[in-house]
Amino acid sequence: MSQSAVTHCLNASSPPNNNGSSHPSLTLYQNSNPIVPNCYRIDRTSVDHGRGTGMGMFATCDMEIGDFVFAENPVVFVLDPLDTNQDKHERLLGACVSRMDEPTRDAFFELHNGRQELGEIMGRIKSNEFPIVVEEDEESEPFAAISLKTARINHNCNPNVVYHFDEPSFSIRVHAIRPISSGEQLFRSYCNHHLPRSERHLGLKPYGFTCTCPACSDPEWDDDLSKLEDGLYQPTTQFEIENPDIDTIISESMQWIKTIEEVGLQSHRAYYGHLLTVGIMAQTFGSKETGRACLNMAQKIYFANVGSDLAHLIEESAREAGNIEMDIITTYIK
C-alpha cells in the first residue's frame with residue numbers, strides 16, 4: 001500500500017475493490033450497505049460513558065460469539081497520526097470531503113467531534129477513527145479509517161463486538177465477541193481494554209473523553225483483570241514442569257472458561273487463551289468432542305479479531321506444548 005499520499009478520493013460510482021489487493025486511497029462508496037442489513041439499528045442512546053449522549057448502534061436480534069454483524073467500506077482512509085502539519089492536512093482533507101455526495105458529506109459532519117482544536121474534519125477523524133495496520137512490511141505506517149455506520153458503535157471497556165480490516169474487500173468487518181441480546185447496544189473498545197483503568201484512559205485521550213463505563217466505575221474491575229491475566233499464564237507454567245498433569249491443566253482452564261462466561265468477560269484474551277489450551281489438550285489427550293468444541297470457539301474469536309484462520313497458531317502452540325502430532329488437530333475446525 002502506498003505510503004506517500006496523504007489521501008485520495010475515488011469516483012462515487014467506483015465499485016468496491018474485490019480483486020484481492022488493497023487500495024492505497026481514501027475510499028468513497030455511496031452504497032456500502034452491510035451484508036446483513038437486519039442485525040442492527042442506529043438510534044439515539046441515553047447511555048453516557050463519559051462522551052455524552054448521542055447516537056448508538058443496537059442489536060435487532062440475538063447474536064452468539066463470532067456472529068457476523070455487518071461490513072462497511074470506509075469513506076476516509078488516511079495516514080495516521082495527523083497531529084502534525086495540522087492546517088495543511090485540514091485543507092487536503094477538506095478538498096476530499098468536498099467530493100463526497102451530499103448525504104455522505106452530511107453524515108460525516110454529523111459525527112461527534114471531540115477534538116475541535118484540530119479542526120472540523122481532522123477533529124472528527126481523530127474522534128471516530130479505526131486504526132488500521134496494513135501488514136506489508138515492518139515499516140508499514142498505521143492508517144485511520146472512518147466508516148459512517150461503524151463510527152456509531154460507542155466505546156466500552158468490556159466490548160461486545162470487535163472489528164478487523166479485510167484488505168481484499170477493503171472493508172471493516174464487525175463480529176460479536178460475546179453473546180448479545182436483541183435491543184442491547186453494541187460497543188467496541190477504542191483502546192486496549194486488557195490494560196488497567198489508568199492506562200486505558202491514557203489510550204482514550206486522543207478521542208477527547210474520559211470513560212465512565214461500568215468497567216471504569218467498578219473499583220474491583222482492575223483486580224479482576226489482573227486475576228484473569230494471572231490465570232491466562234497458568235497453563236504455560238504447568239507445561240514448564242516435567243511430566244505436567246494434563247487433567248489438571250484442562251480442569252483449571254475449564255473452570256476459568258466457566259467463570260469468564262458467568263461474568264460476561266468473553267472479550268478478554270484470557271477466554272481465548274483457555275479455549276485454545278483446553279482445545280489442544282483435550283483433543284489430544286482427553287475428550288475429542290470437548291477439544292473440538294473449544295477449538296471451534298477459539299477459531300471464531302480469532303477470526304472475528306483478525307479475519308484469518310487459526311491453524312498456524314494451533315500448530316505453534318501444540319509444538320510448544322510438547323511435540324504433539326500435528327495430524328491430530330489438522331481437522332479441528334472441519
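Both faces of strand E9 are covered: Ser171, Arg173 and His175 on one side, and Ile172, Val174 and Ala176 on the other, are all buried. Buried here means under 20% relative accessible area, with exposed being over 50% and partly exposed in between (1.4 Å probe, protein chains only). Before going further, please keep in mind that this is a predicted model, in which local features need pLDDT of at least 70, side-chain atom pairs count only at pLDDT 80 or more, and totals for chains, interfaces and linings use all residues. Residues are numbered from 1 along each chain as its sequence is written, and side-chain values use heavy atoms, leaving out hydrogens and water.

E9 spans residues 171–176, and six of its six residues are buried, so the strand is largely enclosed by the rest of the structure. Helices (H or I, at least four residues) and strands (E, at least two) are DSSP runs, numbered from the N terminus. Two strands pair if DSSP finds at least two bridges between them. E9 pairs with strand E3 (residues 68–72) in the antiparallel sense over four bridges, and six bridges join E9 to strand E8 (residues 161–166), again running antiparallel. His175 in E9 is a handy residue to look for: Phe68 stands opposite His175, and Val162 also stands opposite His175. E8 and E9 form a hairpin with four residues between them, and Phe170 in the turn has a positive phi of about 50°.

**Aromatic rings**

Phe170 turns up again among the rings, where ring pairs link Phe77, Phe143, Phe165 and Phe170 into a cluster. Rings of Phe, Tyr and Trp (its six-membered ring) pair if their centres lie within 6.5 Å; planes under 30 degrees apart count as stacked, over 60 as edge-to-face and the rest as tilted. A search of the whole structure finds 10 aromatic pairs. Two of them are set out here.

| Pair | Centre distance | Plane angle | Class |
|---|---|---|---|
| Phe108 and Phe109 | 5.4 Å | 80° | edge-to-face |
| Tyr190 and Phe209 | 6.2 Å | 90° | edge-to-face |

Tyr190 is buried, with a relative accessible area of 8%, and Phe209 is buried with a value of 8%. In the other pair, Phe108 is buried at 0%, whereas Phe109 counts as partly exposed at 32%.

A charged group also meets a ring: Arg188 lies over the face of Phe130, at 3.7 Å from the ring centre. The criterion is that NZ of Lys or CZ of Arg is within 6 Å of the ring centre and within 35 degrees of the ring normal.

**Helix H10**

Helix H10 (residues 288–306) has 19 residues and reaches 26 Å from its first C-alpha to its last, close to the 27 Å expected. That expected span is 1.5 Å times one less than the number of residues. Among the buried residues of H10 are Gly291, Cys294, Leu295, Ala298 and Tyr302. An α-helix has 3.6 residues a turn, so residues three or four places apart point the same way. Gly307 follows H10, with a positive phi near 80°.

**The whole chain**

The protein has 11 helices and 10 strands, and 50% of its 334 residues count as buried.
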